[in-house]
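Work through the exercises below with the sequence and the model open. Try each task before reading its solution.

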Amino acid sequence: MSSMAISSPRGPKRSSLGQIKKPPVEATAWCYTGTKEDTNFSFAWTIENFGRKMDVYKNGECITSDTFKVEVEGMETAWKLECFPNGKQKTGEDTAGAVSVFLYPANGSAINRQFSFAIGFVNEECSRVMKGKGDHCFRDNQNGWGWLKLVTHQTLRFANDKLLPNDCLNILCVMKFRGSEVTTSGTSRPTSTFVRAGHEAGEVENVAEENED
């Protein structure tokens, strides 16, 4: 009696989250490089009586927000903002009459992590007015990153944007952490089976069952 060999490779393993991603072609060994989902986060901070603070605070004096935490791919990162109502001091630059806002890392997990960051305000109509944005990666927790002249006092008081509703400055910090690359790989080991001539269609026997009566 004649026989015909059939190859039936194993299917991909499944995890609790579903099927593992793999190339769209059957292969004995495979590798798949994908990207985890981005992490998006926003933090709002309202400072009351800001018009008075612009007059009273000296150049270099700041207000510090509470620490806020962002979970990035299972790791808890911590951050804080500093707002300088009359400008952050910098040698050789006159920052008085402007508002400075800086972001600082607040734990070790926030160090050496690439992210994008935008800072702005929420106006009287609850619309976002973003003023500064860029990409950054902190190498230590000593230096903040931000803008020395994010907005001038004149703009806050007289511009049509109405950035001081009820004399409150509403700061909005938006962060984005790009998902890291993840590579998975595996193998598919085929098992051979034999279809006996004369059996009904679809019936197969394992090659291990070689003895016949």
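**Exercise 1. The nonpolar core**

Task: Find how many residues the largest nonpolar core has, and which of them have the most contacts inside it.

Solution. The model used here is a predicted one.

Step 1. The largest nonpolar core contains 34 residues. Trp79 and Ile171 are the ones with the most contacts inside this core.

Step 2. Next, look at which elements contribute. At least two core residues come from each of strand 5, helix 1 (50–56), strand 7 (68–72), strand 8 (75–84), strand 9 (98–105), strand 10, strand 12 (145–152) and strand 13.

Step 3. Strand 13 provides the largest share, five residues.

Step 4. For background, nonpolar side chains in soluble globular proteins tend to be buried together.

**Exercise 2. Aromatic rings**

Task: State how many aromatic pairs a search of the whole structure finds, then classify the pair Phe115 and Trp145 from its angle.

Solution.

Step 1. The search finds twelve aromatic pairs.

Step 2. In the pair of Phe115 and Trp145, the ring centres are 6.3 Å apart and the planes stand at 90 degrees. Planes over 60 degrees apart count as edge-to-face, and the pair is edge-to-face.

Step 3. Phe115 belongs to strand 10 and Trp145 to strand 12, so this pair ties together parts that are 30 residues apart in sequence.

Step 4. Phe115 has a relative accessible area of 2% and is buried. Trp145, at 16%, also counts as buried.

Step 5. Trp145 also pairs with Trp147: the centres are 5.5 Å apart and the planes are at 50 degrees, so this pair is tilted.

Step 6. One aromatic cluster is formed by Trp79, Phe115, Phe117, Phe138, Trp145, Trp147 and Phe177. Trp79 has a place in the first exercise too, as one of the core residues with the most contacts.

**Exercise 3. Salt bridges**

Task: Say how many salt bridges the structure holds, and describe the parts of the chain joined by Lys176 and Asp38.

Solution.

Step 1. Side chains of opposite charge can pair when their charged atoms come close. The structure holds four salt bridges.

Step 2. One of them joins the side chains of Lys176 and Asp38, with an N to O distance of 3.6 Å. Lys176 is in strand 13 (residues 169–177), while Asp38 is in the loop between strand 4 (29–35) and strand 5 (39–47), so the pair ties together parts 138 residues apart in sequence.

Step 3. Check the exposure of both partners. Lys176 is partly exposed at 26% relative accessible area, and Asp38 is partly exposed at 33%.

Step 4. Another salt bridge is made by Lys69 and Glu76, at 3.7 Å from N to O. Here Lys69 counts as exposed, at 52% relative accessibility, whereas Glu76 is partly exposed, at 46%.

**Exercise 4. Lys162 and its partner**

Task: Which side chain meets Lys162 in a salt bridge, and what is the phi of Lys162?

Solution.

Step 1. The side chain of Lys162 meets that of Glu124 in a salt bridge of 3.8 Å, N to O. This pair links distant parts of the chain: Lys162 is in the loop between helix 2 (153–158) and strand 13, and Glu124 is in the loop between strand 10 (115–122) and strand 11 (128–136).

Step 2. The two residues are 38 residues apart along the chain, and their C-alpha atoms are separated by 5.7 Å.

Step 3. Lys162 is partly exposed, at 41% relative accessibility, and Glu124 is partly exposed at 45%.

Step 4. Lys162 is not a glycine, yet its phi is positive, about 55 degrees. Asn49 is another residue other than glycine with a positive phi, near 50 degrees. Asn49 sits in the loop between strand 5 and helix 1.

**Exercise 5. Charges without a salt bridge**

Task: Is Arg113 buried or exposed, and which backbone oxygen does its side chain reach?

Solution.

Step 1. Locate Arg113 in the loop between strand 9 and strand 10.

Step 2. Arg113 is buried and has no salt bridge. Its nearest side chain of opposite charge is Glu73, 5.5 Å away. A salt bridge requires a distance within 4 Å.

Step 3. The side chain of Arg113 reaches the backbone oxygen of Ser109 at 3.0 Å.

Step 4. Charges can also be placed over rings in this model: the charged end of Lys80 sits over the ring of Tyr104, 5.9 Å from the ring centre. Lys88 lies over the face of Phe102, 5.2 Å from the ring centre.

Technical notes
Residues numbered from 1 in each chain as written. Predicted model: local features only at pLDDT ≥ 70, side-chain atom pairs only at ≥ 80, totals over all residues. Heavy atoms only, no water. Helix = DSSP H or I, 4+ residues; strand = E, 2+ residues; numbered from the N terminus. Buried < 20%, exposed > 50% of the residue type's maximum accessible area, 1.4 Å probe, protein only. Core = buried A, V, L, I, M, F, W, Y, C linked by side-chain atoms within 4.5 Å. Phe/Tyr/Trp six-rings, centres within 6.5 Å; stacked < 30°, edge-to-face > 60°. Lys NZ or Arg CZ within 6 Å of the ring centre and 35° of its normal. Lys, Arg positive; Asp, Glu negative; His and termini not counted. Polar contact = N/O pair within 3.5 Å; in protein donor to acceptor, adjacent residues only side chain to side chain.
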